[in-house]
Amino acid sequence: MDKPYGLLAELTYACPLQCAYCSNPLELDAYRDELSTEEWQRVFTEAAELGVLQLHLSGGEPLQRHDIVDLVQCATDLGLYTNLITSGLGLSTRRAEQLREAGLDHVQLSIQADERDLSDKIAGTISFERKQVAARLVKQLGWPLTLNVVLHRENIDRIGGILDMAVAMEADRIELANTQYAGWAGHNRDELLPSRDQLERAEAVVREARERLGDKMEIIYVIPDYYSKYPKPCMDGWASRQFTVVPNGEALPCPAAHELARALDIPPANVREHPLEWIWEEAPLFQQYRGDAWMPDPCRSCDRKEIDFGGCRCQAFALTGDAARTDPVCHLSPDHGLVEAAVEAANDPMRPQDGSLTPRSKVIRTKKRATAATQERMARTPVPLSPTVLKGKA
(Lines give C-alpha, C1' and ligand atoms only; values in the text may rest on other atoms or scores of the structure.)
Protein backbone atom coordinates (compact mmCIF):
# COMPACT_ATOMS: atom_id res chain seq x y z
CA MET A 1 0.00 0.00 0.00
CA ASP A 2 1.38 3.38 -1.05
CA LYS A 3 0.96 6.58 0.88
CA PRO A 4 -1.35 9.07 -0.86
CA TYR A 5 0.23 11.94 -2.74
CA GLY A 6 -2.95 13.86 -3.59
CA LEU A 7 -5.98 15.13 -1.68
CA LEU A 8 -9.04 16.51 -3.45
CA ALA A 9 -10.74 18.82 -0.95
CA GLU A 10 -14.30 19.49 -2.09
CA LEU A 11 -14.87 22.50 0.14
CA THR A 12 -18.52 23.13 -0.76
CA TYR A 13 -21.10 21.95 -3.26
CA ALA A 14 -22.43 25.48 -3.69
CA CYS A 15 -21.65 26.81 -7.16
CA PRO A 16 -22.90 29.49 -9.55
CA LEU A 17 -23.07 27.04 -12.47
CA GLN A 18 -25.64 24.36 -13.30
CA CYS A 19 -23.69 22.07 -15.62
CA ALA A 20 -25.63 18.96 -16.58
CA TYR A 21 -22.36 16.96 -16.67
CA CYS A 22 -21.38 17.73 -13.07
CA SER A 23 -20.00 14.75 -11.16
CA ASN A 24 -21.27 16.02 -7.80
CA PRO A 25 -23.84 13.71 -6.15
CA LEU A 26 -27.54 13.92 -6.93
CA GLU A 27 -28.53 14.15 -3.25
CA LEU A 28 -26.82 17.46 -2.56
CA ASP A 29 -28.83 18.24 0.57
CA ALA A 30 -26.88 15.56 2.42
CA TYR A 31 -23.73 17.68 2.21
CA ARG A 32 -24.94 21.02 3.61
CA ASP A 33 -23.16 20.61 6.97
CA GLU A 34 -19.79 21.80 5.71
CA LEU A 35 -16.53 21.48 7.60
CA SER A 36 -15.49 24.64 9.40
CA THR A 37 -12.28 26.53 8.70
CA GLU A 38 -10.59 24.91 11.69
CA GLU A 39 -11.73 21.42 10.63
CA TRP A 40 -10.35 21.86 7.11
CA GLN A 41 -7.08 23.20 8.53
CA ARG A 42 -6.79 20.09 10.70
CA VAL A 43 -7.50 17.88 7.67
CA PHE A 44 -4.74 19.62 5.70
CA THR A 45 -2.32 19.18 8.60
CA GLU A 46 -3.08 15.47 8.88
CA ALA A 47 -2.83 15.10 5.11
CA ALA A 48 0.66 16.61 5.09
CA GLU A 49 1.69 14.30 7.94
CA LEU A 50 0.33 11.36 5.95
CA GLY A 51 2.56 12.23 2.99
CA VAL A 52 0.20 14.21 0.74
CA LEU A 53 2.06 16.63 -1.54
CA GLN A 54 -0.70 18.04 -3.75
CA LEU A 55 -3.87 19.70 -2.50
CA HIS A 56 -6.65 20.31 -5.02
CA LEU A 57 -9.26 22.79 -3.79
CA SER A 58 -12.55 22.14 -5.52
CA GLY A 59 -16.31 21.84 -5.06
CA GLY A 60 -18.80 23.00 -6.24
CA GLU A 61 -17.09 26.34 -6.43
CA PRO A 62 -14.36 26.73 -3.78
CA LEU A 63 -14.49 30.53 -4.08
CA GLN A 64 -17.92 30.37 -2.45
CA ARG A 65 -16.02 29.74 0.80
CA HIS A 66 -15.12 33.13 2.28
CA ASP A 67 -12.30 31.47 4.22
CA ILE A 68 -10.58 30.28 1.02
CA VAL A 69 -7.61 32.61 1.58
CA ASP A 70 -7.09 31.29 5.12
CA LEU A 71 -7.27 27.71 3.82
CA VAL A 72 -4.69 28.38 1.12
CA GLN A 73 -2.42 30.08 3.64
CA CYS A 74 -2.65 27.06 5.92
CA ALA A 75 -1.76 24.71 3.06
CA THR A 76 1.16 26.92 2.04
CA ASP A 77 2.50 26.93 5.60
CA LEU A 78 2.35 23.11 5.54
CA GLY A 79 4.36 22.96 2.32
CA LEU A 80 1.52 21.61 0.18
CA TYR A 81 1.29 22.40 -3.54
CA THR A 82 -2.10 24.06 -3.98
CA ASN A 83 -4.31 23.94 -7.08
CA LEU A 84 -7.53 25.95 -7.21
CA ILE A 85 -10.16 24.28 -9.43
CA THR A 86 -12.65 27.01 -10.22
CA SER A 87 -15.28 28.32 -12.59
CA GLY A 88 -13.59 31.71 -12.26
CA LEU A 89 -16.79 33.30 -10.97
CA GLY A 90 -15.93 35.05 -7.73
CA LEU A 91 -12.26 35.53 -8.65
CA SER A 92 -12.19 39.29 -8.21
CA THR A 93 -8.90 41.17 -8.48
CA ARG A 94 -8.81 41.64 -4.71
CA ARG A 95 -9.52 37.98 -4.00
CA ALA A 96 -6.93 36.87 -6.56
CA GLU A 97 -4.26 39.12 -5.05
CA GLN A 98 -5.04 37.75 -1.58
CA LEU A 99 -4.72 34.18 -2.87
CA ARG A 100 -1.43 35.01 -4.57
CA GLU A 101 -0.10 36.50 -1.34
CA ALA A 102 -1.27 33.41 0.54
CA GLY A 103 0.85 31.23 -1.74
CA LEU A 104 -1.63 29.61 -4.15
CA ASP A 105 0.46 27.72 -6.71
CA HIS A 106 -1.84 26.97 -9.64
CA VAL A 107 -5.26 27.76 -11.10
CA GLN A 108 -7.39 25.34 -13.09
CA LEU A 109 -10.22 27.16 -14.82
CA SER A 110 -13.28 25.38 -16.21
CA ILE A 111 -14.41 26.32 -19.73
CA GLN A 112 -17.65 25.16 -21.33
CA ALA A 113 -17.23 26.33 -24.95
CA ASP A 114 -15.60 28.98 -27.14
CA GLU A 115 -18.87 30.71 -28.06
CA ARG A 116 -20.66 32.92 -25.54
CA ASP A 117 -24.20 31.66 -26.13
CA LEU A 118 -23.26 27.98 -26.11
CA SER A 119 -20.98 28.40 -23.10
CA ASP A 120 -23.67 30.18 -21.08
CA LYS A 121 -26.26 27.60 -22.10
CA ILE A 122 -24.08 24.70 -20.93
CA ALA A 123 -23.11 26.47 -17.69
CA GLY A 124 -26.72 27.36 -16.96
CA THR A 125 -25.78 30.95 -16.17
CA ILE A 126 -24.17 33.97 -17.84
CA SER A 127 -20.49 33.29 -17.28
CA PHE A 128 -18.51 33.30 -20.55
CA GLU A 129 -17.22 36.87 -20.34
CA ARG A 130 -16.40 36.52 -16.65
CA LYS A 131 -14.31 33.45 -17.40
CA GLN A 132 -12.35 35.44 -19.97
CA VAL A 133 -11.66 38.09 -17.34
CA ALA A 134 -10.62 35.43 -14.81
CA ALA A 135 -8.18 33.86 -17.29
CA ARG A 136 -6.53 37.23 -17.95
CA LEU A 137 -6.26 37.88 -14.22
CA VAL A 138 -4.61 34.52 -13.63
CA LYS A 139 -1.96 35.26 -16.25
CA GLN A 140 -1.41 38.82 -14.99
CA LEU A 141 -0.63 37.50 -11.52
CA GLY A 142 1.85 34.96 -12.88
CA TRP A 143 0.07 31.71 -12.11
CA PRO A 144 0.29 28.68 -14.40
CA LEU A 145 -3.09 28.35 -16.12
CA THR A 146 -4.76 25.04 -16.88
CA LEU A 147 -8.06 25.04 -18.74
CA ASN A 148 -10.39 22.14 -18.02
CA VAL A 149 -12.99 21.39 -20.69
CA VAL A 150 -15.48 18.58 -20.10
CA LEU A 151 -16.44 17.34 -23.54
CA HIS A 152 -19.84 15.97 -24.49
CA ARG A 153 -22.28 15.93 -27.35
CA GLU A 154 -23.09 19.65 -27.10
CA ASN A 155 -19.57 21.06 -27.29
CA ILE A 156 -17.23 18.44 -28.78
CA ASP A 157 -17.75 19.77 -32.30
CA ARG A 158 -16.32 23.11 -31.08
CA ILE A 159 -13.01 21.58 -30.02
CA GLY A 160 -11.04 23.48 -32.66
CA GLY A 161 -12.41 26.82 -31.51
CA ILE A 162 -11.82 25.83 -27.88
CA LEU A 163 -8.16 25.11 -28.62
CA ASP A 164 -7.79 28.44 -30.45
CA MET A 165 -9.35 30.19 -27.46
CA ALA A 166 -6.93 28.43 -25.12
CA VAL A 167 -4.00 29.70 -27.19
CA ALA A 168 -5.40 33.23 -27.06
CA MET A 169 -5.74 32.91 -23.28
CA GLU A 170 -2.05 31.87 -23.11
CA ALA A 171 -2.99 28.70 -21.25
CA ASP A 172 -0.07 26.52 -20.23
CA ARG A 173 -2.16 23.37 -20.36
CA ILE A 174 -5.60 22.26 -21.51
CA GLU A 175 -7.40 19.13 -20.39
CA LEU A 176 -9.97 17.96 -22.93
CA ALA A 177 -11.70 15.27 -20.94
CA ASN A 178 -14.77 13.51 -22.23
CA THR A 179 -17.48 13.21 -19.61
CA GLN A 180 -17.24 10.58 -16.90
CA TYR A 181 -20.79 9.42 -16.26
CA ALA A 182 -21.16 9.86 -12.52
CA GLY A 183 -23.52 12.08 -10.54
CA TRP A 184 -25.47 14.48 -12.73
CA ALA A 185 -23.51 13.34 -15.77
CA GLY A 186 -24.74 9.80 -15.20
CA HIS A 187 -28.29 11.08 -14.93
CA ASN A 188 -27.89 12.86 -18.30
CA ARG A 189 -25.74 10.26 -20.03
CA ASP A 190 -28.09 9.49 -22.91
CA GLU A 191 -28.07 13.13 -23.98
CA LEU A 192 -24.36 13.76 -23.34
CA LEU A 193 -22.65 10.76 -24.94
CA PRO A 194 -21.16 11.83 -28.29
CA SER A 195 -21.27 9.79 -31.48
CA ARG A 196 -18.34 7.92 -32.96
CA ASP A 197 -18.18 10.40 -35.84
CA GLN A 198 -17.94 13.30 -33.40
CA LEU A 199 -15.07 11.59 -31.57
CA GLU A 200 -13.14 10.85 -34.76
CA ARG A 201 -13.42 14.46 -35.88
CA ALA A 202 -12.33 15.69 -32.45
CA GLU A 203 -9.32 13.38 -32.33
CA ALA A 204 -8.18 14.62 -35.75
CA VAL A 205 -8.40 18.23 -34.56
CA VAL A 206 -6.39 17.42 -31.42
CA ARG A 207 -3.67 15.65 -33.44
CA GLU A 208 -3.33 18.63 -35.76
CA ALA A 209 -3.20 21.08 -32.85
CA ARG A 210 -0.48 19.08 -31.09
CA GLU A 211 1.65 19.11 -34.23
CA ARG A 212 1.05 22.80 -34.83
CA LEU A 213 1.59 24.01 -31.27
CA GLY A 214 4.40 21.70 -30.25
CA ASP A 215 5.44 22.47 -26.68
CA LYS A 216 3.73 25.89 -26.58
CA MET A 217 0.73 24.39 -24.78
CA GLU A 218 0.29 20.93 -23.29
CA ILE A 219 -2.83 19.24 -24.66
CA ILE A 220 -4.36 16.31 -22.78
CA TYR A 221 -7.19 14.49 -24.51
CA VAL A 222 -9.18 11.76 -22.77
CA ILE A 223 -11.62 9.69 -24.84
CA PRO A 224 -14.88 8.43 -23.31
CA ASP A 225 -14.64 5.13 -21.45
CA TYR A 226 -17.58 3.84 -23.45
CA TYR A 227 -15.53 3.84 -26.67
CA SER A 228 -12.50 2.08 -25.17
CA LYS A 229 -11.60 -1.57 -25.46
CA TYR A 230 -10.26 -1.67 -21.92
CA PRO A 231 -11.17 0.43 -18.88
CA LYS A 232 -8.93 3.18 -17.62
CA PRO A 233 -6.78 2.61 -14.50
CA CYS A 234 -9.20 4.58 -12.36
CA MET A 235 -7.34 6.50 -9.64
CA ASP A 236 -4.37 4.16 -10.23
CA GLY A 237 -6.31 1.63 -8.20
CA TRP A 238 -8.82 1.98 -5.38
CA ALA A 239 -7.39 3.97 -2.45
CA SER A 240 -3.90 3.74 -3.87
CA ARG A 241 -2.61 7.22 -4.68
CA GLN A 242 -5.28 9.83 -3.97
CA PHE A 243 -8.44 10.37 -1.96
CA THR A 244 -11.25 12.89 -1.56
CA VAL A 245 -12.82 14.68 1.41
CA VAL A 246 -16.29 16.05 0.64
CA PRO A 247 -17.96 19.10 2.24
CA ASN A 248 -19.50 17.25 5.19
CA GLY A 249 -16.21 15.56 6.08
CA GLU A 250 -16.76 12.13 4.57
CA ALA A 251 -13.60 10.66 3.07
CA LEU A 252 -13.87 8.76 -0.21
CA PRO A 253 -11.32 6.73 -2.19
CA CYS A 254 -12.67 8.29 -5.40
CA PRO A 255 -14.42 11.61 -6.18
CA ALA A 256 -17.43 9.75 -7.62
CA ALA A 257 -17.91 7.21 -4.82
CA HIS A 258 -20.79 8.96 -3.01
CA GLU A 259 -23.63 6.66 -4.10
CA LEU A 260 -21.46 3.55 -4.00
CA ALA A 261 -20.40 4.25 -0.42
CA ARG A 262 -24.01 4.58 0.75
CA ALA A 263 -25.15 1.47 -1.10
CA LEU A 264 -22.43 -0.75 0.43
CA ASP A 265 -23.93 -0.29 3.89
CA ILE A 266 -20.45 0.46 5.23
CA PRO A 267 -20.26 3.18 7.88
CA PRO A 268 -18.79 6.27 6.22
CA ALA A 269 -15.37 7.37 7.38
CA ASN A 270 -15.67 10.99 8.46
CA VAL A 271 -12.77 13.27 9.34
CA ARG A 272 -14.86 14.63 12.22
CA GLU A 273 -14.68 11.21 13.85
CA HIS A 274 -11.39 9.68 12.66
CA PRO A 275 -7.89 10.93 11.83
CA LEU A 276 -6.85 10.70 8.18
CA GLU A 277 -4.16 8.13 8.92
CA TRP A 278 -6.76 5.71 10.32
CA ILE A 279 -9.10 6.39 7.40
CA TRP A 280 -6.40 5.75 4.81
CA GLU A 281 -5.03 2.62 6.47
CA GLU A 282 -8.04 1.02 8.15
CA ALA A 283 -11.41 2.46 7.10
CA PRO A 284 -13.57 -0.37 5.69
CA LEU A 285 -14.54 1.61 2.60
CA PHE A 286 -10.89 2.24 1.74
CA GLN A 287 -10.06 -1.44 2.25
CA GLN A 288 -13.01 -2.73 0.24
CA TYR A 289 -11.42 -2.84 -3.22
CA ARG A 290 -7.72 -2.47 -2.49
CA GLY A 291 -5.41 -4.90 -4.19
CA ASP A 292 -6.91 -7.72 -6.27
CA ALA A 293 -8.40 -10.18 -3.75
CA TRP A 294 -11.89 -8.81 -4.43
CA MET A 295 -11.67 -9.32 -8.18
CA PRO A 296 -13.99 -11.73 -10.00
CA ASP A 297 -13.09 -13.36 -13.28
CA PRO A 298 -12.22 -12.29 -15.92
CA CYS A 299 -10.24 -9.68 -13.92
CA ARG A 300 -8.69 -12.18 -11.49
CA SER A 301 -7.02 -14.18 -14.24
CA CYS A 302 -6.35 -11.24 -16.61
CA ASP A 303 -2.78 -10.11 -17.30
CA ARG A 304 -4.06 -6.50 -17.25
CA LYS A 305 -5.25 -6.57 -13.66
CA GLU A 306 -2.18 -4.64 -12.50
CA ILE A 307 -2.61 -2.17 -15.37
CA ASP A 308 -6.26 -1.14 -15.12
CA PHE A 309 -7.11 -2.67 -11.69
CA GLY A 310 -10.44 -3.97 -12.93
CA GLY A 311 -11.53 -0.51 -14.04
CA CYS A 312 -13.77 1.93 -12.21
CA ARG A 313 -15.69 0.61 -9.18
CA CYS A 314 -18.11 3.54 -9.33
CA GLN A 315 -18.85 2.88 -12.99
CA ALA A 316 -19.36 -0.82 -12.33
CA PHE A 317 -21.81 0.05 -9.58
CA ALA A 318 -23.65 2.67 -11.65
CA LEU A 319 -24.17 0.26 -14.55
CA THR A 320 -24.72 -3.07 -12.76
CA GLY A 321 -25.62 -2.25 -9.17
CA ASP A 322 -22.59 -4.28 -8.00
CA ALA A 323 -19.30 -2.44 -7.47
CA ALA A 324 -17.35 -5.72 -7.45
CA ARG A 325 -18.24 -6.52 -11.07
CA THR A 326 -15.73 -6.09 -13.86
CA ASP A 327 -16.09 -2.59 -15.27
CA PRO A 328 -18.60 -3.06 -18.14
CA VAL A 329 -16.43 -0.83 -20.33
CA CYS A 330 -14.03 -3.77 -20.71
CA HIS A 331 -14.82 -5.86 -23.79
CA LEU A 332 -14.21 -8.97 -21.66
CA SER A 333 -16.82 -8.03 -19.07
CA PRO A 334 -19.98 -10.18 -18.99
CA ASP A 335 -21.87 -6.89 -18.69
CA HIS A 336 -20.25 -5.22 -21.70
CA GLY A 337 -23.58 -5.32 -23.51
CA LEU A 338 -24.77 -2.46 -21.28
CA VAL A 339 -22.08 -0.21 -22.73
CA GLU A 340 -22.62 -1.47 -26.27
CA ALA A 341 -26.31 -0.57 -26.01
CA ALA A 342 -25.48 2.96 -24.87
CA VAL A 343 -22.99 3.41 -27.71
CA GLU A 344 -25.49 2.07 -30.22
CA ALA A 345 -28.09 4.56 -29.01
CA ALA A 346 -25.58 7.42 -29.24
CA ASN A 347 -24.90 6.52 -32.86
CA ASP A 348 -28.51 6.02 -33.88
CA PRO A 349 -29.12 8.28 -36.91
CA MET A 350 -32.66 8.83 -35.64
CA ARG A 351 -31.39 10.11 -32.30
CA PRO A 352 -32.99 13.48 -31.45
CA GLN A 353 -30.68 16.39 -32.19
CA ASP A 354 -31.63 18.49 -29.18
CA GLY A 355 -32.51 16.35 -26.18
CA SER A 356 -33.50 17.62 -22.77
CA LEU A 357 -30.78 17.85 -20.11
CA THR A 358 -31.46 18.03 -16.38
CA PRO A 359 -29.35 20.86 -14.92
CA ARG A 360 -27.56 20.31 -11.65
CA SER A 361 -29.66 21.41 -8.68
CA LYS A 362 -28.84 24.59 -6.82
CA VAL A 363 -27.49 24.58 -3.29
CA ILE A 364 -27.45 27.46 -0.83
CA ARG A 365 -24.57 27.32 1.62
CA THR A 366 -25.26 26.98 5.31
CA LYS A 367 -23.99 30.15 6.93
CA LYS A 368 -21.24 29.51 9.46
CA ARG A 369 -19.46 31.82 11.83
CA ALA A 370 -16.12 32.93 10.42
CA THR A 371 -12.88 32.33 12.28
CA ALA A 372 -11.24 35.25 14.08
CA ALA A 373 -8.57 35.39 11.35
CA THR A 374 -11.19 35.49 8.62
CA GLN A 375 -13.22 38.16 10.44
CA GLU A 376 -10.10 40.31 10.81
CA ARG A 377 -9.20 39.95 7.11
CA MET A 378 -12.74 40.67 5.94
CA ALA A 379 -12.90 43.75 8.14
CA ARG A 380 -9.58 44.97 6.75
CA THR A 381 -10.17 44.14 3.05
CA PRO A 382 -13.85 43.35 2.55
CA VAL A 383 -14.65 41.06 -0.36
CA PRO A 384 -17.76 42.02 -2.37
CA LEU A 385 -20.37 39.29 -2.33
CA SER A 386 -21.43 37.80 -5.65
CA PRO A 387 -25.17 37.26 -6.18
CA THR A 388 -24.35 33.60 -6.62
CA VAL A 389 -23.44 33.38 -2.94
CA LEU A 390 -27.08 33.76 -2.09
CA LYS A 391 -28.41 31.80 -5.03
CA GLY A 392 -26.09 28.85 -4.48
CA LYS A 393 -24.93 26.64 -7.26
CA ALA A 394 -25.70 23.69 -9.28
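**Helix pairs and buried residues**

Helices H2 and H3 are roughly parallel to each other, a term used for angles under 35 degrees, with over 145 called roughly antiparallel, 65 to 115 roughly perpendicular and the rest oblique. The model is predicted, so local features need pLDDT of at least 70 and side-chain atom pairs count only at pLDDT 80 or more, while totals for chains, interfaces and linings use all residues. Residues are numbered from 1 along each chain as its sequence is written, and side-chain values use heavy atoms, leaving out hydrogens and water.

Helix H2 covers residues 68-77 and helix H3 covers residues 93-102. Both names refer to DSSP runs numbered from the N terminus (helices are H or I, at least four residues; strands are E, at least two). The two helices pack at an angle of about 15°, and their axes are 8 Å apart. Axes are lines fitted to C-alpha atoms, for helices over the stretch in contact, and angles run from 0 to 180 degrees between N-to-C directions.

From H2, the contact (heavy atoms within 4.5 Å) takes in Ile68, Val69, Val72, Gln73 and Thr76. H3 contributes Arg95, Gln98, Leu99, Glu101 and Ala102. Five of these contact residues are nonpolar, three are polar and two are charged. Ala, Val, Leu, Ile, Met, Phe, Trp, Tyr, Cys and Pro count as nonpolar, Asp, Glu, Lys and Arg as charged, and the others, Gly among them, as polar.

H2 also packs against H1, at an angle of about 20° and with the axes 10 Å apart. H1 and H2 are therefore roughly parallel to each other, and their crossing is right-handed. Thr37, Trp40, Gln41 and Phe44 of H1 meet Asp70, Leu71, Cys74 and Ala75 of H2. In this contact five residues are nonpolar, two polar and one charged.

On the H6 side the contact is made by Ile159, Gly160, Leu163, Asp164 and Val167. On the H9 side it is made by Ala202, Val205, Val206, Ala209, Arg212 and Leu213. Eight of the contact residues are nonpolar, one is polar and two are charged.

Some single residues come next. An unreviewed UniProt entry lists Cys15, Cys19 and Cys22 under "binding site"; such annotations may be inferred rather than shown by experiment, and the positions follow the numbering used here, with feature names shortened. Cys15 lies in the loop between strand E1 (6-10) and helix H1 (37-50), and Cys19 is in the loop between E1 and H1 as well. Cys15 has a relative accessible area of 2% and is buried. Cys19, at 6%, also counts as buried. Buried means under 20% relative accessible area, exposed over 50%, and partly exposed in between (1.4 Å probe, protein chains only).

Ala239 sits in the loop between strand E7 (218-222) and strand E8 (242-245). Its relative accessible area is 1%, so Ala239 is buried. Leaving aside residues up to four places away in sequence, Ala239 touches Pro253, Trp280, Phe286 and Arg290. Asp114 is 125 residues from Ala239 along the chain, and their C-alpha atoms are separated by 36 Å.

Terms used:
Left-handed = near helix turned anticlockwise from the far one by under 90°.
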